[in-house]
Amino acid sequence: MVQAKRLATLITGLVECLCFAGILFGFASIVFVFKSEGYFKELCVNGTANVTDAERCSAQDEQFSLIFTISSFMNNFMTLPAGYIFDRFGTTVARLLAISLYTLATVMIAFSSAAAAMILFPALSFLAVGGILFLLTNIQVGNLFGNHRSTIITLYNGAFDSSSAILLIVKILYESGVPLQASFLFISCCSVIHLLRTFFLMPRKQFPYPLPDDYNYGLPCGRRKKLSVTKADLNDKTQSTPSRSMDKELNTENAPLQNDGKTVATSPQDQRDFKSCFLSSLFFWHLVWISVMQLRHYLFIGTLNPMLVRLSENDQHQVSRYTNAFAFTQLCGVLCAPWNGLVMDRHKRGHNSQKSTDALADLQSSVLSLALTAFQCVLFSVCVTIPVLPVQYASFILQVLNRSFLYGGNAAFVAIAFPARHFGKLYGLIMALSAVVSLLQYPCFALMRGPLNGDPLYVNIFLLGTTLLAFVNPINVYLHCRRQNQNANQTDEGNVPCQAFEADI
């Protein structure tokens, strides 16, 4: 019964991420619908013989780019307070907040119109924040599956990426005669499913790791496993073992649990405070790693429609066809992402035979994943730089592959490199700081629209150069792990923790 519940939690969480969490990133599909509905059409200037349609409506494109810039910024930046809420108040509170924001956003989009197009600014921002909260609360499901933890985490992030294809379905339905309002009202009604899953298939706080035997959560299935120390337990243990201090008993609530439910001593890695994690070189270079690649992806998604208009010479049939092709490739995110987790989990088994702790083996396993993700982004950036329309098919494929590896690898790295009790805050901080960098996409778009006369070549070359900075992160992690192995060999201890996390930059 317990295993069946865990499987149900995994599958329903996958569906939630796949169908709802990341639909914001199907923005290119919904822009096509918004333009057809006449949103911001008043910004288009009157046409002349020397002005193309793309140039005539550049102000409209710039408005849509601004909406995506703000909403994608909120998607990342608000992960910081969301992570704090998740760590401080638990899963139930975080998910109720997510459901409220998400439902409000879909209702606002459903009742928007060309006359009230400005409502898209708050609506898409709420959609982004609610979606990232869904992902954040689902990442912990990986704790239920032990040795497959990284695979599950990357699978959920891949589902988050693939959910952008939902707006392709909205676009296809719209072209078939289904109103935009009906589609988003249906998505709003699906919030009932999120509520049921919150109360019946998710913990009130968080899933512990390592997971105790017979751990129970959500809807009770038999006797519930007590993880906290009750006052009666403290009195009984104090009477039977007078020498044991009350302080030691109270600390068992935060100590990791063995399979028999007893507490074990925490390692220095688990005892690290938030400040030491934030000031570590691992945190800094990982932040650079995700920031430069995320900027490349956000600018590509935000400018895809005007890029296709330019390369197709405003052939709307081709624009629609390439937009659909891009959205279809997003469906493959859920298939691509688990490969990153499999690389990490399989690579970890190779390091477990050495004299290293599980934490260090996890960290060593991430080096290959981090380097492979950076290499994929370089190839993606090269294809985007080539101003040939058929080449963009390759860009679409590399974009979904690299994006799946990027966000799945980011979540997995934070989960294995830092203490679990700081996961929400550190994950949120990384996403928030990378969101500040992602704001550069709007100046880049303005530069292309203004001084560069719509030609993105020089901006793409610049972003290709900055992407190379991502290779510093796997090199830094590799050198860090090598130092830890050397320390372990010198002291003849096989359980030396990763103490260099606390080294300042």
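Where is S164 found? S164 sits in the loop between α8 (149-162) and α9 (166-175), where helices (H or I, at least four residues) and strands (E, at least two) are DSSP runs numbered from the N terminus. Before going on, note that this is a predicted model, in which local features need pLDDT of at least 70 and side-chain atom pairs count only at pLDDT 80 or more, while totals for chains, interfaces and linings use all residues. Residues are numbered from 1 along each chain as its sequence is written, and side-chain values use heavy atoms, leaving out hydrogens and water.

Back to that serine. S164 counts as buried, at 1% relative accessibility; buried means under 20% relative accessible area, exposed means over 50%, and partly exposed is in between (1.4 Å probe, protein chains only). Leaving aside residues up to four places away in sequence, S164 touches G22, I23, F25, G26 and Q330, with contact meaning heavy atoms within 4.5 Å.

Rings of Phe, Tyr and Trp (its six-membered ring) pair if their centres lie within 6.5 Å; planes under 30 degrees apart count as stacked, over 60 as edge-to-face and the rest as tilted. That rule gives 23 aromatic pairs. Among them is F25 with Y298, a stacked pair at 5.6 Å centre to centre, with 25 degrees between the planes. This pair ties together distant parts of the chain: F25 is in the loop between α1 (2-21) and α2 (27-36), and Y298 is in helix α16 (residues 281-302), 273 residues apart. Both F25 and Y298 are buried.

What about F284 and W285? Their ring centres are 5.0 Å apart with the planes at 80 degrees, so this pair is edge-to-face. F284 is partly exposed at 32% relative accessibility, and W285 is partly exposed too, at 25%. Elsewhere, ring pairs join F300, Y322, F326, F380, Y393 and F396 into a cluster.

The charged end of R403 sits over the ring of F25, 4.0 Å from its centre, and the charged end of K5 sits over the ring of Y217 at 5.1 Å from the centre. To count, NZ of Lys or CZ of Arg has to be within 6 Å of the ring centre and within 35 degrees of the ring normal.

Now the packing. A nonpolar core here is a set of buried Ala, Val, Leu, Ile, Met, Phe, Trp, Tyr and Cys residues joined through side-chain atoms within 4.5 Å. The largest one has 113 residues, of which I30, F64, F184, F418 and Y427 touch the most other members. Helix α7 (residues 120-139) gives this core its largest share, 12 residues. F64, for its part, touches F27, V31, F34, K35, Y39, F40 and L120, not counting residues up to four places away in sequence. A second, separate core of 7 residues includes L295, L299, C444 and F445.

Finally, the cysteines. How many disulfides does the structure hold? The count is 0, a disulfide being a pair of cysteine sulfur atoms within 2.5 Å. Take C19: the closest cysteine sulfur, in C190, is 8.3 Å from its own, too far for a bond. C19 is partly exposed at 28%, whereas C383 is buried at 14% relative accessibility. C332, in the loop between α18 (316-330) and α19 (333-351), is partly exposed at 33%. C332 touches S162 and V400, not counting residues up to four places away in sequence. C332 and S162 are 170 residues apart in sequence, yet 6.4 Å apart in space, C-alpha to C-alpha.
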